Amino acid sequence: MKLSYLFVAILSAGIFLACHSSKSATTSSSSSTSGSGSSTASSSSAAPSTETLVNIAKSKWPDITAATINEGKDLYQSGACTGCHGPKNITKRSAEEWPGIIDRMATKAKISDTQKDAVLKYVLAMKMANP
Ligand code: HEC
């Protein structure tokens, strides 16, 4: 009596585990499918290529070139803008806030107007790529 109860318990635990593992296998395989899809998307949204940024930026500044985007990116990610702090999270500030912040920081960083313009365009293109 007690033994058969135990048997049923083991059996149902086995069924539960079987269901559970097949369920989690389905979940993980579907998430890895969407994961690989979104990893392309997230890697491009985390760090969009210069080409992507230039194409996006062209909607706002038709004459923009990869040189400007790269200049802005270098200043922002590893150049003058990292003299006092690391690269700040671009998505955390709104497109409306950025021009004022960059004006203020450009003075601190002592960069030229051309460099400031490049940083602003890089940041705003990043915002458009990943709002
Ligand atoms: C001379 C040092 C210095 C340099 C160079 C510098 N920053 Fe800053 N930055 C600071 C300090 C200090 C703060 C925090 C106080 C503040 O907000 O003024 C700050 C804050 C910030 C913030 C957060 C501001 C907010 O209101 O959320 C951003 C974004 C930022 N910096 C971006 C930049 C960019 C872009 C550049 C390059 C153009 C740059 N910084 C260059 C010193 C610097």
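Visitor: Where does Lys 110 lie?

Guide: Welcome! Lys 110 is in the loop between α4 and α5. Please keep in mind that this is a predicted model.

Visitor: Why is Lys 110 called exposed?

Guide: Its relative accessibility is 74%. A residue counts as exposed over 50%, so Lys 110 belongs in that class.

Visitor: What is the phi of Lys 110?

Guide: Lys 110 has a positive phi of about 55 degrees, although it is not a glycine. Most residues other than glycine have a negative phi.

Visitor: How do you know which class Pro 131 falls into, buried or exposed?

Guide: We use the cut-off again. Exposed means over 50% relative accessible area, and Pro 131 stands at 75%, so it counts as exposed. Pro 131 is found in the segment after α5. Between the C-alpha atoms of Pro 131 and Thr 91 there are 6.0 Å in space, while the two residues are 40 apart in sequence.

Visitor: How do you know that the span of helix α5 agrees with its number of residues?

Guide: Helix α5 covers residues 113-129, which is 17 residues. The expected span is 1.5 Å times one less than the number of residues, so α5 should span 24 Å. Its end C-alpha atoms are 24 Å apart, and therefore the two values agree.

Visitor: Which residues of α5 are buried?

Guide: Ala 118, Val 119, Lys 121, Tyr 122, Val 123, Leu 124, Ala 125, Met 126 and Lys 127 are the buried ones. For the protein as a whole, 20% of the 131 residues count as buried.

Visitor: What makes up the fold, going from the N terminus on?

Guide: The elements run α-α-α-α-α, with 5 helices and 0 strands in the protein.

Visitor: What surrounds the ligand?

Guide: There are 14 residues around the ligand, and the closest are Cys 81, Cys 84, His 85, Arg 104 and Met 105. By class, the shell has 9 nonpolar, 1 polar and 4 charged residues. Helix α4, residues 98-109, gives the largest share, 6 residues. The space that the ligand takes is the largest pocket.

Definitions and conventions: Residues are numbered from 1 along each chain as its sequence is written. This is a predicted model: local features need pLDDT of at least 70, side-chain atom pairs count only at pLDDT 80 or more; totals for chains, interfaces and linings use all residues. Side-chain values use heavy atoms; hydrogens and water are left out. A residue is near a molecule or strand if one of its heavy atoms lies within 4 Å of it. On a 1 Å grid over the protein atoms alone, a cavity is a set of points where a 1.4 Å probe fits but cannot get out, and a pocket is an open set with protein on both sides within 12 Å along at least five of seven lines; lining residues have an atom within 4 Å of a point. A molecule sits in a cavity or pocket if more than half of its atoms lie within 2 Å of its grid points. Helices (H or I, at least four residues) and strands (E, at least two) are DSSP runs, numbered from the N terminus. Ala, Val, Leu, Ile, Met, Phe, Trp, Tyr, Cys and Pro count as nonpolar, Asp, Glu, Lys and Arg as charged, and the others, Gly among them, as polar. Buried means under 20% relative accessible area, exposed over 50%, partly exposed in between (1.4 Å probe, protein chains only).
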